[in-house]
Amino acid sequence: MKGINQKIEGRHLSKTAYLYIRQSTLRQVQENTESTIRQYALREKLTSLGWDQSLIEVVDCDLGHSAKTAENRDGFQKLVADVANGMAGAVACIEASRLSRSSSDWSRLIEYCAMTDTLLIDADGVYDPNDFNDRLLLGLKGTMSEAELHFLQERMRGGLLNKAKRGELRKPLPIGYLYDECGRIIKDDDIQIREAIELFFRTFCIVGTAHGMVDYYKKKGYKFPHRIHKGFRKGEVVWMNLANSRVLDTLHNPTYAGVYHYGENQTVWTKDGKKSRPAKREDWHVFLKDHHDAYISYEDYERNERILQENTQAWAVKDKKTPPREGSALLQGIVLCGKCGSRMSIRYKQKQKGFIVRQAPVYMCQRRSVESGEKVCQSIAGENIDELISEIVKAKLTPEAIEKSVEVQKEVNRRKGEQSRFFQLQVEKARYEADIARRRYMNVDPDNRLVSLELESAWNLRLAQLLDTEKQYEDELKKNQTPPDRELEAKVSGLAENFHKIWDNPELPAEDKKRIIRYLIEDVTIKKGTDTTIIQIRYRGGTTDTVEVSNALPSYKLWTTTDEVIDFLRKEGSEYTSKELAEQLNAKGLRSGKGCLFDSRIVQRIMKDYGIQNKREKYLSLGYIPTKEKAEQLGISTGSLVKRVRKGMYCGEVIWANDKDLIFKSEG
C-alpha cells in the first residue's frame with residue numbers, strides 16, 4: 001500500500017484542494033462552535049500536505065443545512081460540479097458525514113473523484129478512489145454515515161413517540177386551548193374566546209354545512225378568534241371573518257372533543273421524494289380520549305364528521321341525503337324519484353298573484369340529464385306536496401315529535417340571547433382596551449411629545465372601536481327586543497295540539513321545519529301521474545304510508561276568468577264600451593284571472609275569447625255603419641267627420657262603440 005505522501009503527486013498539488021465545512025442546523029452553528037473550529041483547522045493539514053494557500057478553497061456556504069440530501073446545498077452541488085470538470089486535486093472534510101449522509105450522493109462523489117483522479121482527505125488520512133482498498137474503506141465510511149443518521153433519527157423519534165403516547169408531547173394547540181405551567185392542556189382563560197368556540201359548535205348543529213356556517217356568520221356579523229403563531233405578534237389573538245377552510249379545520253380537529261392525537265400527518269415516499277401526507281384515523285400513532293376538558297362530546301364530534309362526509313358525497317353517492325338548507329321546499333334532500341329511484345333536486349320558480357310574488361318549489365329528477373344529456377325524468381310542482389306533508393306531520397304527532405318541537409322553540413329563544421351575548425362580550429373587550437389606552441396616555445410624561453402623541457392616537461382609535469361595538473350591540477338588542485315566548489314552551493311541553501303553533505310560527509326557519517320532518521320521515525318517493533301524484537312516505541322505524549295528491553293546475557287554468565265576470569259581460573257587454581265595463585267590474589271588486597284590475601284591453605280580450613257580442617257588433621247588426629263608410633257617403637274624410645261629431649255639428653244619430661270608434665245610423 002502506498003504511503004500518504006506517495007498518494008499525493010504533483011498533478012494533485014497543481015489543482016485546487018476543496019475544504020468542505022458543514023453543520024446540520026443553525027443552532028449547531030451557534031452552539032457547537034468547537035466542531036466548526038476543527039473543520040476550519042483542516043486547512044493547516046492541507047498546507048502541510050503540500051498545497052499552496054492560494055489553491056485551497058473553503059466551501060462553507062452549507063452551514064445550517066442537513067446532509068441527508070443534496071437539495072438546497074449549493075456548496076456541495078458546486079463541489080461535485082468542479083470535481084466532475086476535473087478542477088479539483090483533492091476534497092477534504094473532517095469526516096464523511098460532513099459531505100453526505102446519503103449513500104447515493106456519496107457514491108456519486110466517489111465515482112466522479114475516481115474518474116478525474118481526485119483524492120479524498122479527512123482527519124484520519126488520504127484516500128485514492130482508484131485504489132481498491134481505499135475505495136472499499138470510503139464505501140464503508142459512507143454507509144456508516146448514513147446508518148448513523150438513521151440511528152439518531154430513530155432514537156429521537158422513539159423518545160418523541162413515547163412522550164406522545166403519554167399525552168405529554170407539546171404541540172401547537174388550536175384556538176381555545178392553552179398549556180398551563182405543568183404542560184397540561186386547559187381551556188383558554190379568555191371567556192370571550194371560550195364562548196366563541198361554543199357558539200361555533202352550536203351554530204353548526206343548526207346550519208349543518210361548512211359553507212352555511214360562513215354565510216351565517218357573515219349575516220350575523222360574528223367574528224372568529226385566531227391566534228398568531230409566528231412573527232413579532234406571536235401569541236396575539238385577532239378576530240377575523242370566518243373562512244370555509246377554518247370551519248373544516250375546526251370541525252375535523254378532535255382536540256375540541258377532549259382527544260389528544262398525534263400522527264395525523266405522516267411522511268411517505270413519493271416520486272418527488274419524502275412528502276408529508278394526511279393519514280387515515282386508524283393509522284394515527286396516538287389517539288387518547290378524555291385527555292383534557294372538551295368543548296363538545298366525542299359523540300358530537302363523530303356526528304359532525306358524518307354530516308361533513310354526507311355533505312361531500314351527497315351528489316356523488318345516490319343514497320346519500322343532503323343537509324337541510326334554506327328554501328321553502330320541505331322535502332329537500334329526502335325526496336326520491338318514483339320512476340328511476342334517483343334523489344331529486346330542488347328548483348324554485350316565481351309565482352305572482354296580484355302584487356304578491358313568492359318562490360314556489362319544484363322537485364326535479366335531472367341526474368341523467370346532467371350526466372348524460374337525457375331528458376328530465378320528471379318534474380313535479382311541490383306546493384301541494386309540501387302542504388300534504390305538513391298536514392301529515394301535524395297529524396302524526398308522537399312524544400318524540402313533541403319533545404323536538406319544544407327544543408325548536410327553546411332554540412329560537414336561545415339564539416336571541418346568544419347573539420346579544422356575543423356582541424356584549426365584544427363591547428366589554430373594547431371598553432377594557434380603551435381604558436388601558438387611556439391609562440397609558442395619562443401616565444406618560446407630558447413633555448415627551450413624541451410618545452404622548454402616539455399614545456393619544458392609540459386612545460382615540462380604541463374609543464372609535466368602542467363606539468362601533470356599542471352601536472352593533474344596540475342594533476342587536478333592537479332586533480331581539482321581543483321577549484321569549486316562555487308560555488308557549490310550557491304549553492307545547494304539555495299539549496300535543498300546540499305543536500301546530502310551533503310549526504306555523506313565522507319565526508321558525510325553513511331549515512328547522514326540515515329537521516322536524518327528518519325526525520319523523522326517512523324519505524319520500526313521488527311519482528307523477530296524469531291528474532295526481534302518488535306519494536310513498538317511509539317513516540323512521542320502517543313503516544310506510546301511500547297517499548295521493550292532485551297535481552298543480554297549469555298556469556293557463558289558474559288564470560281562468562271567473563264565471564261571475566263572464567256572466568256580467570254576457571249581460572252588459574253589448575250595452576257599454578269596454579272602458580265603462582272595466583270601471584264597473586273594478587267597482588264590484590272583481591279581478592282578472594291573474595288578480596289584476598280590469599282595463600279596456602283585458603275586457604276586449606275576454607269578450608273576444610268567449611265570443612261575447614260587444615257594443616260595436618250589436619249596433620252593426622242593427623244596420624248601423626262604421627265611421628269610414630259614413631264619411632264616404634258624405635264625401636269628407638273620417639277625421640273631419642269625427643271633428644263634426646265632437647263639436648256637435650253632426651245632426652244624425654251616432655253611437656260611441658268605444659273611446660275612439662263611432663257607429664252611425666244608416667239613413668239609406
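Here is a friendly conversation about a predicted model and the terms used to describe it.

Colleague: Before we start, what should I keep in mind about this model?

Modeller: It is predicted, with local features needing pLDDT of at least 70 and side-chain atom pairs counting only at pLDDT 80 or more, while totals for chains, interfaces and linings use all residues. Residues are numbered from 1 along each chain as its sequence is written, and side-chain values use heavy atoms, with hydrogens and water left out.

Colleague: How do you know how many helices and strands the protein chain has?

Modeller: Helices are DSSP runs of H or I with at least four residues, and strands are runs of E with at least two, numbered from the N terminus. The protein chain has 26 helices and 23 strands.

Colleague: Why is Asn304 called buried?

Modeller: Buried means under 20% relative accessible area, exposed means over 50%, and partly exposed is in between, using a 1.4 Å probe and protein chains only. Asn304 has 2% relative accessibility, so it counts as buried. This residue sits in helix 12 (residues 298-313). Across the protein chain, buried residues make up 40% of the 668 residues.

Colleague: What is Asn304 in contact with, leaving aside its neighbours within four places in sequence?

Modeller: Contact means heavy atoms within 4.5 Å. On that basis Asn304 is in contact with Phe201, Phe204, Leu251 and Ile296.

Colleague: And Ser578, is that one buried or exposed, and why?

Modeller: Its relative accessible area is 10%, therefore Ser578 is buried. Ser578 belongs to helix 22 (residues 578-587) and, not counting residues up to four places away in sequence, touches Ser600, Val603 and Gln604.

Colleague: What about Asn72, buried or exposed?

Modeller: Asn72 has a relative accessible area of 61%, so it is exposed. You will find Asn72 in the loop between strand 2 (56-59) and helix 5 (74-84). Although not a glycine, Asn72 has a positive phi of about 65°. Asp117, in the loop between helix 7 (103-115) and strand 4, is another residue other than glycine with a positive phi, near 55°.

Colleague: What makes strand 1 (residues 16-20) mostly covered?

Modeller: Five of its five residues are buried. Thr16, Tyr18 and Tyr20 point one way from strand 1, whereas Ala17 and Leu19 point the other way.

Colleague: How do you know which strands pair with strand 1?

Modeller: Two strands pair if DSSP finds at least two bridges between them. Four bridges join strand 1 to strand 3 (residues 88-92), and the two run parallel. Strand 1 also pairs with strand 2 in the parallel sense, over four bridges. Tyr18 stands opposite Val91 in strand 3, and Tyr20 has Val59 in strand 2 as its bridge partner.

Colleague: What makes a space a cavity?

Modeller: On a 1 Å grid over the protein atoms alone, a cavity is a set of points where a 1.4 Å probe fits but cannot get out, and lining residues have an atom within 4 Å of a point. The structure holds one cavity of 30 Å³ or more, and the largest cavity has a volume of about 50 Å³. Grid points are joined across faces, edges and corners, and a volume is the space filled by probe spheres set on the points. Among the lining residues are Val91, Trp106, Asp122 and Lys141.

Methods
1 Å grid on protein atoms, 1.4 Å probe; cavity = no way out; pocket = protein on both sides within 12 Å on 5 of 7 lines; lining within 4 Å.
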